Amino acid sequence: MIKLVATDMDGTFLNSQNDYDRQRFDHVYDQLSRLGIRFMVASGNQYQQIRSFFPHQNDEMVYASDNGAFIFDHGQLVLSSSFQPAVIRKIVDYLLALDDVDFLLNGVKAGYMLKSCGPVFKKMMYKYNYAVREMDNFDELPADQYGEISLFIGDDARIARLCQQFNSHFGKDAEAVASGQGAMDIIIPGVNKGFALKHLLEKWGLQADELMVFGDSDNDQQMMQCTPNSFGMAKCSPLIARLAHHRAPSNDQSGVLQVLEQLVDNGGQLK
């Protein structure tokens, strides 16, 4: 029987209008709760942003934000993974030296970007981060725990080049990954959505076959590998299409909710 459902947000749970069928979800969530099935979000986005989508459940749910760097349960930070100060300083200096690349430092308290960032980048970052501070410079970094760095490039070919260059330069200290929707994330090696899920499975004494996951982008790959009950969305990346054991309808057709409705109709059993 499934005991835990974890879903990505953008391109997976959320539709193209950056929303979801809230009344339908409330009904599904209540049915999952009656069956003793936990529902959690695993996203590259900021905790303050993703919890805002669930006003009726946000104090009950579990969130793995910033690609698994920070885990919040019932509104409390229960696990934090952050870059070492020397490493984050090195990454910031590297990114500042690149041409035409804006970035946001994802901390527990807030996200931090330069006031000089372009308007398109700022609009995108404010869409995915609700607690943001704009800085004059990064000569001194704010006192925070940094679990991820977000970039919006908008060009998949350039993202692939930047990821290759970055990973070649930083080796085991940091990892750049494409995160879909024209975005790119820099994460702590080994700290990802799969890392967060494995932590929770161990904490709650659950087995891999008691987990169900949904994703669409390359940064969901470790999550797909946590369980045989993995669902790639209809418009998922080629990598996720290869890794996922099942496919779900499009996010614009409430694909996650469709699968979960079948799950509750079967009493929590995946058939």
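Which side chain does a polar contact of 2.9 Å join to that of D93? I looked this up before anything else. The partner is R89. A polar contact here is a pair of N or O atoms within 3.5 Å; within protein, one must be able to donate a hydrogen and the other to accept it, and residues adjacent in sequence count only if both atoms are side-chain atoms.

**Ground rules.** I am working from a predicted model, where local features need pLDDT of at least 70, side-chain atom pairs count only at pLDDT 80 or more, and totals for chains, interfaces and linings use all residues. Residues are numbered from 1 along each chain as its sequence is written, and side-chain values use heavy atoms, with hydrogens and water left out.

**Entry: R89 and D93.** I checked this pair for a salt bridge (a side-chain nitrogen of Lys or Arg within 4 Å of a carboxyl oxygen of Asp or Glu). R89 and D93 do form one, at 2.9 Å from N to O. Both sit in helix α4 (residues 85-96); because they are 4 residues apart, about one helical turn separates them. Helices (H or I, at least four residues) and strands (E, at least two) are DSSP runs, numbered from the N terminus.

I then looked up accessibility. Buried means under 20% relative accessible area, exposed over 50%, partly exposed in between (1.4 Å probe, protein chains only). R89 has 24%, so R89 counts as partly exposed. D93 has 40%, so D93 is partly exposed.

**Entry: α4 against α6.** Two packed helices are described by the angle between their axes and the distance between the axes. I noted that the axes of α4 and helix α6 (residues 156-170) come within 12 Å and cross at roughly 140°. Axes are lines fitted to C-alpha atoms, for helices over the stretch in contact, and angles run from 0 to 180 degrees between N-to-C directions. The two helices are therefore oblique to each other. Angles under 35 degrees count as roughly parallel, over 145 as roughly antiparallel, 65 to 115 as roughly perpendicular and the rest as oblique.

**Entry: other salt bridges.** My search of the whole structure gave 10 salt bridges. Among them is D8 with K193, at 3.0 Å from N to O. This pair links distant parts of the chain: D8 lies in the loop between β1 (4-7) and α1 (9-13), K193 in helix α7 (residues 193-204), and they are 185 residues apart. Are D8 and K193 buried or exposed? Both are buried. D220 joins D8 and K193 in a network of salt bridges.

I also found R51 with D59, at 3.1 Å from N to O. R51 is partly exposed at 21%. D59 is partly exposed at 48%.

Entry: Two strands pair if DSSP finds at least two bridges between them. I found 4 bridges joining β3 (residues 62-65) to β4, and these strands run antiparallel. S65 has F70 of β4 as its bridge partner. The hairpin has 4 residues between its strands, and D66 in the turn has a positive phi of about 50°.

β4 also pairs with β5 (residues 76-80), antiparallel, over 4 bridges. D73 has Q76 as its bridge partner. This hairpin has 2 residues between the strands, and H74 takes a positive phi near 50°.

Last, I looked at side-chain directions in β4 (residues 70-73). F70 and F72 point one way, I71 and D73 the other, and all are buried.
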